[in-house]
Amino acid sequence: MSNTPMAASPLTRAVLEIDEYASGLGWDQPARLFALVDTARLRVQEPALAAQLGLGDDEKETAGLTPIEQDEVPTDKALDEFLGTIAWPDAVVGCALTVERLMLPPSAEAQVPEGLNEKKLAQWVAEHPDRQEVRMTVAVLRDGARDSALRLREKDAPTEVLTGSDLVPSLAQALAATFDD
C-alpha cells in the first residue's frame, strides 16, 4: 500500500493508501471504516501489531498515520446512524471511511422530480443516464484536519484520483462527530 506520494501530508498519504487498498478490492464493495493511528506511537506501544502490519523499526518515516480497518460497517443501518454509535479510544488520532455512491452532475439537479421518497430518489438516480459511480475516501483527525479522495469508476486509475479537504464536507463532518465527547 505504498505507491502514495511522499511529499503529501500524512493525512493525504493515509487517504491515498486507503483509496489504493479499496481499488485493489474492486468495485461494488461495502463501506469500510478505518481507525488512523500515529505510526511512531504504534511501533512503540504495540510492536507486535506494528510488525503484523509490516511497520518495521527500520522504516525512516516518523510522521505518519497507519490506517487500521475496523469490523464491517453494518448494511442494515443508515450510515449516519451507524457513525453516531462510534466512540474512539484515545490512541486513535483520526478515522476514515471509504464508500461507493452514485453521483449526478449539477446540471441534473433541476431534473429531479419533486416529492420522491429516499428509495424512489435512489432508484431515479440509479436510472439516470448521466450518473457516475464514485468511490469516496474521507478522513478526519481529532485536531479537525480533513482530507478526501474521489475516484470515478469510468476513470479508475491512480492518476485520476481527485484529492482535497472539502470534497465531501457532510461525510467529513459526520466522521468528525465520532470524536465529540
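The largest pocket of this predicted model has a volume of about 800 Å³. Here a pocket is an open set of points, on a 1 Å grid over the protein atoms alone, with protein on both sides within 12 Å along at least five of seven lines. Grid points are joined across faces, edges and corners, and a volume is the space filled by probe spheres set on the points. The lining (residues with an atom within 4 Å of a point) comprises 23 residues, and Arg101, Leu102, Met103, Met136 and Ser170 lie nearest the centre of the pocket. At least two lining residues come from each of α4 (79-83), β3 (92-103), α5 (118-127), β4 (132-141) and α6 (169-176); helices are DSSP runs of H or I with at least four residues, strands are runs of E with at least two, and both are numbered from the N terminus. By class, 19 residues of this lining are nonpolar, one is polar and three are charged. In this count Ala, Val, Leu, Ile, Met, Phe, Trp, Tyr, Cys and Pro are nonpolar, Asp, Glu, Lys and Arg are charged, and the others, Gly among them, are polar.

A search of the whole structure also finds one cavity of 30 Å³ or more, a cavity being a set of grid points where a 1.4 Å probe fits but cannot get out. The largest cavity has a volume of about 50 Å³ and is lined by Ala22, Gln29, Pro30, Arg32, Thr98, Val99, Glu100 and Arg135. Strand β3 gives the most to this lining, with three residues. Three of the lining residues are nonpolar, two are polar and three are charged.

A nonpolar core is a set of buried Ala, Val, Leu, Ile, Met, Phe, Trp, Tyr and Cys residues joined through side-chain atoms within 4.5 Å; buried means under 20% relative accessible area, exposed over 50%, and partly exposed in between (1.4 Å probe, protein chains only). Beyond residues up to four places away in sequence, Leu171 touches Leu79, Leu83, Leu97, Val99 and Val138, where contact means heavy atoms within 4.5 Å.

Val37, in strand β1, is buried at a relative accessible area of 10%. Outside four places in sequence, Val37 contacts Leu42, Gly64, Leu65, Thr66, Ile68, Ala91, Val92 and Val93.

Thr137, in strand β4, counts as buried because its relative accessibility is 0%. Its side chain makes a polar contact of 3.2 Å with the side chain of Thr98. Such a contact is a pair of N or O atoms within 3.5 Å; within protein, one must be able to donate a hydrogen and the other to accept it, and residues adjacent in sequence count only if both atoms are side-chain atoms. Contacts of Thr137 beyond four places in sequence include Val15, Ile18, Asp19, Asp147 and Ala149.

Thr12, in helix α1 (residues 10-25), is buried at 15% relative accessible area, and its side chain forms a 3.0 Å polar contact with that of Ser9.

Residues are numbered from 1 along each chain as its sequence is written, and side-chain values use heavy atoms, with hydrogens and water left out. As the model is predicted, local features need pLDDT of at least 70 and side-chain atom pairs count only at pLDDT 80 or more, while totals for chains, interfaces and linings use all residues.
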